[in-house]
Amino acid sequence: MLPFTRVTVIGLGLIGSSICRAVRAHLPTVRITGHDASAEVRDIARRIDLCDDVTDTPGASVIDADLVILCVPVGRMGEVAEAIADDLPKGAIISDVGSSKGSVAKALEAALSGHIIIPAHPVAGTENSGPEAGFATLFHNRWCIVTPLPDNREADVEKLCDFWTKLGANVEKMTPTHHDLVLAVTSHLPHLIAYTIVGTASDLEQVTQSEVIKYSAGGFRDFTRIAASDPTMWRDVFLSNKEAVLEMLQRFSEDLAAMQRAIRWDDGDALFEHFTRTRAIRRSIVEQGQDDSRPDFGRSHL
Ligand code: NAP
């Protein structure tokens, strides 16, 4: 049975357009309506036939929806929720895909009181943005974290979980607060480190930028993929998950200081023991199908 029959996606970038494509691929009888604030994005969406209908206003896109998914940057969720409040049917489920959950839940509750709000976050993405960057298989075998709110009915939560399962995702439920802590260490901190290290390398004076680029295969280039992620999205993520990010950053700084001390005092055993532990984590990620098992991320060495 279909969990929903009329799905609206607001924000037709990487994630929104991937949802549209995945719905077309896995739930072909579901009617999908889209809206984006950018006229250029709406034109592209119409040209590539992303949805059954693309509306020029957010309100028009939700009028007969039974599921509405907000796929805009985290800092824009509140204003989009306000813009659809008058047209959103009472029985519709409103969800989102934002990378932080506590602040989004608050923003949606403030704008849409009395509506069914179930925040969620598909932990899947690439460093690209926009409607042409999406693809139907983005969520296959990736986790979607659903973060129910205290007043949600179990049946509604299960419908949303069923929707994501049908798009190929594995679903896990947790509170918004726990989500923000977990993602601070698995996603937000790694992005902060990548943004920092790439910035540090480009600011160096003794090593030229052309040398940094030329010898990047030594490790640097793997950070540049993450550091190429969308600036608007990531500005909003750090500002909206401030507390958890700062807590993880504090832990990271302490661990970094320990590594610094081990190098200074020639403590090879400490370094070796640490690197052995981290290597095991990489192996577990590959074993659980969360990354390519081929060496060097499967890059061609022809
Ligand atoms: P994206 O490719 O930049 O797409 C976002 C789209 O939303 C853009 O077309 C943008 O238009 C539009 N938009 C902005 N403000 C809007 C508004 N007020 N009303 C309607 N449309 C609006 O970004 P994305 O990567 O898909 O990210 C979308 C959400 O998914 C974010 O909340 C992010 O945290 C979350 N997420 C991202 C990833 C990832 O890896 N990228 C993974 C999981 C979750 P303009 O370009 O004109 O601003």
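Modeller: Happy to. In this predicted model, an oxygen atom of the ligand sits 2.7 Å from a backbone N or O atom of Val-72. Leu-14 places a backbone N or O atom 2.9 Å from a ligand oxygen, and a polar backbone atom of Ile-15 lies 2.8 Å from an oxygen atom of the ligand. On its own the ligand has 890 Å² of accessible area, and the protein covers 81% of that.

Stepping back to the whole shell, 28 residues surround the ligand. Leu-14, Ile-15 and Val-72 are among the closest, together with Asp-36 and Ser-99. By residue type, the shell divides into 15 nonpolar, ten polar and three charged residues. As for secondary structure, at least two shell residues come from each of α1 (14-26), α4 (77-84) and β7 (120-122). The biggest share is that of α4, which gives three residues.

The domain assignment gives domain 1 as 6-175 and domain 2 as 178-291. Their centres, taken over C-alpha atoms, are 30 Å apart. Where the domains meet, 19 residues of domain 1 are in contact with 19 residues of domain 2. About 1,500 Å² is buried between domain 1 and domain 2, with 52% of it on carbon and sulfur atoms. Of the area that domain 1 buries against domain 2, Ser-99, Glu-127 and Met-174 supply 32%, more than any other three residues.

Note on methods. Residues numbered from 1 in each chain as written. Predicted model: local features only at pLDDT ≥ 70, side-chain atom pairs only at ≥ 80, totals over all residues. Heavy atoms only, no water. Near = heavy atom within 4 Å. Polar contact = N/O pair within 3.5 Å; in protein donor to acceptor, adjacent residues only side chain to side chain. Areas by Shrake-Rupley, 256 points an atom, 1.4 Å probe, with all protein chains shown as cover. Helix = DSSP H or I, 4+ residues; strand = E, 2+ residues; numbered from the N terminus. Nonpolar A, V, L, I, M, F, W, Y, C, P; charged D, E, K, R; others polar. Domains from an automatic or database assignment. Contact = heavy atoms within 4.5 Å. Buried area = accessible area lost by both parts, 1.4 Å probe.
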